[in-house]
Amino acid sequence: MTDEALWSRDLRKVYRTKGSPEVEALAGVSMNVRRGERVALLGRNGAGKTTFLKIASTLLRPTSGEIRVFGFDIDRTPERARPYIAVVPQEGKPFFHLTPREQVYTYLRARGLTRETAKARTEESLHRMGLTEFADRLSITLSGGQRQRTMVATVIATEAPLLFLDEPTIGMDPFARRSVWSSLRLLTQRGSTILLTTHYLDEAEALSQRLYIVERGRVLVSGTSDDLKRAVGGTLKVLLLRGATRVEQFRSFGECVPDGDSLSVIVAPERLGELMDVAVRNQLTATVGPVTLEEAFLRVVGRSIDEE
Amino acid sequence: MKNESSTSVRPFRGFPAFYWTEVLVQAHESLAMATSMVVQGVLLVFVWILNPGLIGVALVGAVLFSTFQMGARVLNEAAYVRIDHKANDLYLAGPLSAEAYFLGMSAGILTVYLGPVIVVGVLATIVVPLNAAELVLLLGLGAAVWVSAASIGYVFSTAFRDNRAIWAYSSLFFNIFGVLPPVFYPLALFPVALRPVALLMPPSAASSLMQWATGVTALSTGQIALAAGGLVVEAVGLFAFAVYWARRTVRGR
């Protein structure tokens, strides 16, 4: 058993459908996730995130490349890795004619847990996901968010060594999302490893220790969210009201993006004073704040699209 | 590793638990259970009106048709939970074996829908009447029909990406195998040229063998061999193929 929970090299996936052109969903993805890490996979719709997750969770064969889960080559021997993984599928739903309590418990039993362990884990997981109140109602009567919470409760109750979560908090309210975050943090403290995809960049920032940005089947950037912010030229964003006409005076500080008649400038902290001097000289009102992961993501992916 | 078994996924691992899951899922569908005998009931009424002397054949046919129908339900159920619920992703990316998923689902459906079939079976036993050997034969034939239908249903279910497309095929499947051939009526009333085809279709092969065993229809040794041999080969072959296919289709290509 290796310390690497997941490892891939030059992973490619080409979808071939009769009568349709080939689609290259993954064009050589290399990635490694260490045991106990929480890693987010980010990207636009169709970037290849779900394809990667499906391959990593043994549900899809790669076209070429290598991929291992806890050292097991999952292209050749997926059955060796399956006892160690659990998946929240994208748009997955619990059985409508089971209650959340039945759903979680029977799933744990199907994975081979004893009655006692399954019962205890079911109650803990339902409690963590705030489902106790609805635990005995059929899932068909639950809201979309409550059903999604049931799916997450089902999978986190496994405490599997490696969890794949494809957009786990979609449709959830902010309180429920935070319950998921704290449950996932607890799981990694207990030794599990988590790879998730999300379109909520605040979620990725709050939850993941490292992230990968994928675009057109390739990894564009990987590292911490701070690494990503630095990659776009700074960790601070200065918004200059009515500064859109003065772009040339600020271009040397970093990336400038006009926004209506305002101008936002990404700047490194050490050059902030110098920039503020220029703003004062030009009688511009400036607001300083941190660069968000979403802004960094938009710039990194936007740059890549421009280059294409 | 801290939980579950560290070994690789064993054949049929998780079958009892997934079987129980499916029983719970199906047991909540009381309306579907209540309507599961409607077609059989209507056909029995038709036979009663047209020729009351054939009601015994029709009752035995209704039992065999029902076992076929319980197997065929796997087509809709497997496709529905895969396409609409992504349940196969949830269950199969884990230690549950693919064949336990297929067999657990099939057996769960069988268990929940078995009640009304037992009632018809008791009626058939009284009306025909069936002796112990004939009853055992009926159970064996019903099991073979169920295995064949569940296997075909599961394999077909993996071919679809849209549930709506399945409705047309499941209706075709249901009528071509169950209603049209001599299941509710004697083989002797079926066109001679098409009898070998009927003897190769699981529900009509089973019904013809029961008709022969109860003295309703005379079958030649060749016809008995064709029906019995075909049924055994189909049940075993289709089940083995469904297990292979279930394992193979865990991973898309």
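This is a predicted model: local features need pLDDT of at least 70, side-chain atom pairs count only at pLDDT 80 or more; totals for chains, interfaces and linings use all residues.
1. In chain A, an open sheet is formed by 4 strands in the order S12-S13-S11-S14, with antiparallel pairing. Its edge strands are S12 (256-259) and S14 of chain A, each of which pairs on one side only. Averaged over the sheet and with direction ignored, neighbouring strands are turned by 20° against each other.

2. Pairings within that sheet. Strand S11 (residues 236-240) of chain A pairs in the antiparallel sense with strand S13 (residues 262-267) of chain A, over 5 bridges. In this pairing, A:Val238 lies opposite A:Val265 in S13(A). S11(A) also pairs with strand S14 (residues 286-290) of chain A, again in the antiparallel sense and over 5 bridges. Here A:Leu236 has A:Pro290 of S14(A) as its bridge partner. The pairing of S12(A) with S13(A) is antiparallel over 4 bridges, and A:Asp259 stands opposite A:Ser262 in S13(A).

3. The sheet S2-S1-S4-S5. A further open sheet of chain A consists of 4 strands in the order S2-S1-S4-S5, and the pairing is antiparallel. S2 (23-34) and S5 (72-73) of chain A are the edge strands, each pairing on one side only. Strand S4 (residues 64-69) of chain A is joined to S5(A) by 2 bridges in the antiparallel sense. Across this pairing, A:Arg68 faces A:Asp73 in S5(A) as its opposite residue.

4. The hairpin S9-S10. Strand S9 (residues 210-215) of chain A and strand S10 (residues 218-223) of chain A are antiparallel partners over 5 bridges. A:Val214 has A:Val219 in S10(A) as its bridge partner. S9(A) and S10(A) form a hairpin with 2 residues between them, and A:Arg216 in the turn has a positive phi of about 50°.

5. Helix packing in chain B. The axes of helix H3 (residues 38-50) of chain B and helix H4 (residues 55-83) of chain B come within 10 Å, crossing at roughly 165°. Angles over 145 degrees count as roughly antiparallel, and H3(B) and H4(B) are therefore roughly antiparallel to each other. The crossing of H3(B) and H4(B) is right-handed. On the H3(B) side, the contact is made by B:Gln40, B:Leu43, B:Leu44, B:Val47 and B:Trp48. H4(B) contributes B:Ile55, B:Ala58, B:Leu59, B:Ala62, B:Phe65 and B:Ser66. By class, the residues of the contact of H3(B) with H4(B) comprise 9 nonpolar, 2 polar and no charged.

6. Contact between the chains. Chain B gives 33 residues to the contact and chain A gives 32 residues. On the side of chain B that touches chain A, the elements giving two or more residues are helix H1 (15-27) and helix H5 (87-92) of chain B. H1(B) supplies the largest share of that side, 6 residues. The side of chain B that touches chain A divides into 14 nonpolar, 11 polar and 8 charged residues.

Terms used
Residues are numbered from 1 along each chain as its sequence is written. Chains are lettered from A and ligands numbered from 1 in the order in which they are written. Two strands pair if DSSP finds at least two bridges between them. Axes are lines fitted to C-alpha atoms, for helices over the stretch in contact, and angles run from 0 to 180 degrees between N-to-C directions. Angles under 35 degrees count as roughly parallel, over 145 as roughly antiparallel, 65 to 115 as roughly perpendicular and the rest as oblique. A crossing is left-handed if the near helix is turned anticlockwise from the far one by less than a right angle, and right-handed if clockwise. Two residues are in contact if their C-beta atoms, placed from the backbone, lie within 7 Å. Ala, Val, Leu, Ile, Met, Phe, Trp, Tyr, Cys and Pro count as nonpolar, Asp, Glu, Lys and Arg as charged, and the others, Gly among them, as polar.
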